[in-house]
Amino acid sequence: MSTLAIDGGTPVRTKPWPAWPQVSEAEWDTLVGPRLKQVYLSATEGLPNPMSAELEAAFCAFTGAKFSLFTSHGTDALMTLCAGALDIDGVGPAGELICPEYTFIASASAPLALGCSIVFADIDKRHFCLDPAAVEAAISPRTVAIMNVQLGGQAGDMDALQKIADKHGLALLEDCAQAHGARHNATQVGAVGTGGGFSFQSSKNLTSGEGGMVTTNDEDVYNRASAYRNIGRFPGGKRWEHPRLGQNYRGSEYLAALLLARLTTLDEQTDRRDRNGVYLNELLAQVGGITPPERMPWCGRHAYHIYMLHYHPDEFGGHSRDEFIRAMNAEGVPATLGYNLLLSEQQGIQSVRERYPERVRVEPSPQTQWVFEHTVWLFQSVLLAERADMDDIAEAAGKKGACRTARIETAT
Ligand SMILES: Cc1ncc(COP(=O)(O)O)c(C=O)c1O
């Protein structure tokens, strides 16, 4: 039995994991540099945003969605999506939107900013997305939308959610910030429900540091969303005419150029992560005490923005999840805890609850609580490594497994 690195043994791995974003002189010379130069030399750095239009067309081709709208951030994309799909502008009160609370705060703060009230419903611990039964139980006469977060890169149970949405006349929105390239059966996320919102923030699978995108197949949603993003102008509208109320959430032409360059490698990277994820699932299934992320029957491709596994302390001699993470880190595997608060516990949401109690409703969420207490994350760049590198992750977890009775020092 080899000694754990945290106890002074030799780490499984000292080789670095792939950095993110991946940058190289070669990519600058052939892809990124020429694109940025094109914007610069065109002397058109803003309206009418030709590079953004090119990116939107490329994103439509990538996702299969009919319409795309480039925005300045993922949060703005979600606001723009809500504005378009729900026909709202953020001035008046809107109806209730059901979303999970094991997610980034923007999944809730964006619809709240548009006047929606939020209902936190439970997730399914197998796939980390909304549990359709919990969604149905949470519906009230005020409900107007379901926002499913395609968390970690796997699509949720979109068929079941669509049935519920149809039955109750609701919009089915997709928060795709973590799921670029993920497929629900053969359909890419962002083209499954009423519309999707993506983020290109620096950690995301497709990034330009900041940026976002709205996708939809519905022309009316597109027109309203487009107006919201572009200070109230409909597509093709005149400069000083503002038939709706909107904000300026147009994306930068330079970032559109960078994204166009990077979009060319997204498919290959997503396939690689998907293959490595499947392989890692097989390896970790053999390590007692760990449940690898379940690949759902409708999963056509998993984007693995986050590889989320369940950790069972009882099968590790009672060692806590924190201890497991520290032991994995010492072995050279960058496992992390993930979200450290549920959204209903975040101060920002609590202050809304205190000031406007009718704006936030929290439904019973036992699976969310369980996931919050048992989940361990690996970020997407780890899955961008070679297949053989996945062996190191399993070896590190297995080493810990083999030493289940050994005492793991708690870092001070
Ligand atoms: C699930 C989710 N939704 C929305 C966002 C918001 O995106 P942004 O940071 O680009 O505003 C993020 C990421 O940051 C996210 O992870």
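In which sense do strand 10 and strand 12 pair, and over how many bridges? Strand 10 and strand 12 (residues 306-311) pair in the antiparallel sense, over two bridges, where helices (H or I, at least four residues) and strands (E, at least two) are DSSP runs numbered from the N terminus, and two strands pair if DSSP finds at least two bridges between them. This is a predicted model, in which local features need pLDDT of at least 70 and side-chain atom pairs count only at pLDDT 80 or more, whereas totals for chains, interfaces and linings use all residues. Residues are numbered from 1 along each chain as its sequence is written.

A parallel arrangement is found around strand 2. Four bridges join strand 2 to strand 3, and these two strands run parallel; Cys99 has Phe120 in strand 3 as its bridge partner. Strand 2 is also joined by three bridges to strand 4 (residues 143-149), again in parallel, and here Ile98 stands opposite Ile146 of strand 4. Both faces of strand 2 (residues 96-99) are covered, with Glu96 and Ile98 buried on one side and Leu97 and Cys99 buried on the other; a residue is buried if 20 or more other C-beta atoms, placed from the backbone, lie within 10 Å of its own, exposed if 12 or fewer do, and partly exposed in between.

Strand 2, helix 4 and strand 3 together make a right-handed β-α-β unit, right-handed meaning that, with the strands pointing away from the viewer, the path from the first strand over the helix to the second runs clockwise. Helix 4 is mostly covered, since six of its eight residues are buried, namely Ala106, Ser107, Ala108, Ala110, Pro111 and Leu112. These buried residues pack against helix 3, strand 2, strand 3, strand 4, strand 5 (171-175) and helix 10 (347-355). Just after helix 4, Gly115 takes a positive phi of about 100°.

Leu114 lies in the loop between helix 4 and strand 3 (117-120), and this residue is buried because 22 other C-beta atoms lie within 10 Å. Leaving aside neighbours within four places in sequence, Leu114 is in contact (C-beta atoms, placed from the backbone, within 7 Å) with Met79, Cys82, Ala83, Ile88, Gly90 and Ala94. With the same exclusion, Cys82 is in contact with Ile88, Ala110, Pro111, Leu114 and Cys116. Cys82 is also among the residues with the most contacts inside the largest nonpolar core, which has 114 residues; such a core is a set of buried Ala, Val, Leu, Ile, Met, Phe, Trp, Tyr and Cys residues joined through C-beta atoms within 7 Å.

Helix 3 (74-86) and helix 4 (106-113) each supply at least two residues of the shell around the ligand, and the largest share, three residues, comes from helix 3. Of the 15 residues around the ligand, Gly74, Thr75, Phe104, Ala177 and Ser199 come nearest, a residue being near if its C-beta atom, placed from the backbone, lies within 6 Å.

Key
Contact = placed C-beta atoms within 7 Å.
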